[in-house]
Amino acid sequence: MPPDKSHDSRIGDDIHVDLAGRMTYGDYLKLDTLLSAKQPITVKHDEHLFITIHHVQELWMSLFAHELEAAIRFVDGDTLPPAFKCLARITRILEQMKSAWDVLSTMTPSDYLEFRHELGQSSGLQSYQYRLVEFRLGAKDMRMLLPHRHRADIHAKLEQALRAPSLYDAALALLKRRGFPVPDDAVHRDFSQRHVFDPAIRDVWLSIYRNADRYFDVYELAEELVDLEDWFQQWRFRHMKTVERIIGYKRGTGGSSGVGFLKSALDQSFFPELWDVRTHL
């Protein structure tokens, strides 16, 4: 039967409707594969929500990691405008990720307890994409490799990120190349260790902020970094409060202290000198 071409039909003569043997929207996005990944292990209604939100977070996290890798590469190459574009996109990604917790918050404690026991030891703590993002942002911790020992491919990728310079390391190296008095031990160090606050680096950023017109591109870099961390911490905070709302202070399924573990991350800064500089301006 030919398509309805009555006055209220949205199908016009130019719209492709004979798609046999052609690539379709679903083909391009591999929707059959994507949607088949949601396989609840119970018949409880809210497990569909739980899986969907975590799939969404992982998809955004994949793009986050992709943009972050590019930003580091651009900063390494001293090409800051495209790095700014990547960093601005990351903040918009984090806005979407943060909003996803609002949807999960519609699940009550009773709803979650109907299927939580079926999750075994699986936990967001084991998200290798999240760990990759944290390492690239500078939250280095060798112990965080341990949950991934059973997957040699993932472990190798994470270990490479652990030992590579983070986004902030790349920014400090750029300042050093520009002639700013960044201490040598800040750019020639063991990058598998977390960066530790250094007042000398704070003073470098202080001089940049006090002469923003003269050093505008690195001043803008500083503000992009602060914006990124601000949004990342908002996402973390919303995650922590969502968990507290749903399970209180129960231990996490992965063995962590749960809310306490999530709260501890809020006290750790990726770019500590950029936050401290505000007090000294």
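Which residues are buried in H6? The legends below take up this point after an overview of the chain.

**Figure 1. Overview of the predicted protein chain**. In this predicted model, local features need pLDDT of at least 70 and side-chain atom pairs count only at pLDDT 80 or more, while totals for chains, interfaces and linings use all residues. Residues are numbered from 1 along each chain as its sequence is written, and side-chain values use heavy atoms, with hydrogens and water left out. The secondary structure comes to 13 helices and 0 strands (DSSP runs numbered from the N terminus; helices are H or I of at least four residues, strands E of at least two). The C-alpha trace spans about 75 × 55 × 35 Å along its principal axes. Of the 281 residues, 41% are buried (buried means under 20% relative accessible area, exposed over 50%, partly exposed in between; 1.4 Å probe, protein chains only). Among contacts between residues at least 6 apart in sequence, 72% join residues at least 24 apart (contact means heavy atoms within 4.5 Å).

**Figure 2. Helix H6, residues 128-137**. Gln129, Tyr130, Arg131, Leu132, Val133, Glu134, Phe135, Arg136 and Leu137 are the buried residues of H6. This makes 9 of its 10 residues, and the helix is mostly covered. The cover over these buried residues includes helix H3 (47-76), helix H7 (152-163), helix H8 (167-177) and H11. After H6 comes Gly138, with a positive phi near 115°.

**Figure 3. Asp169 in helix H8**. Asp169 has a relative accessible area of 4% and is buried. The side chain of Asp169 makes a polar contact of 2.9 Å with the side chain of Arg189 (a pair of N or O atoms within 3.5 Å; within protein, one must be able to donate a hydrogen and the other to accept it, and residues adjacent in sequence count only if both atoms are side-chain atoms). A polar atom of the Asp169 side chain also lies 2.9 Å from the backbone nitrogen of Ser166. With neighbours within four places in sequence left aside, Asp169 is in contact with Ala186, Arg189 and Phe191.

**Figure 4. Helix H12, residues 259-266**. Val259, Leu262 and Ala265 are the buried residues of H12. Viewed down the helix axis, the buried residues of H12 fall within an arc of 120°, so they line one face of the helix (the arc is that of the directions from the helix axis to the C-beta atoms). An α-helix has 3.6 residues a turn, so residues three or four places apart point the same way. The buried residues of H12 pack against helix H11 (216-247).
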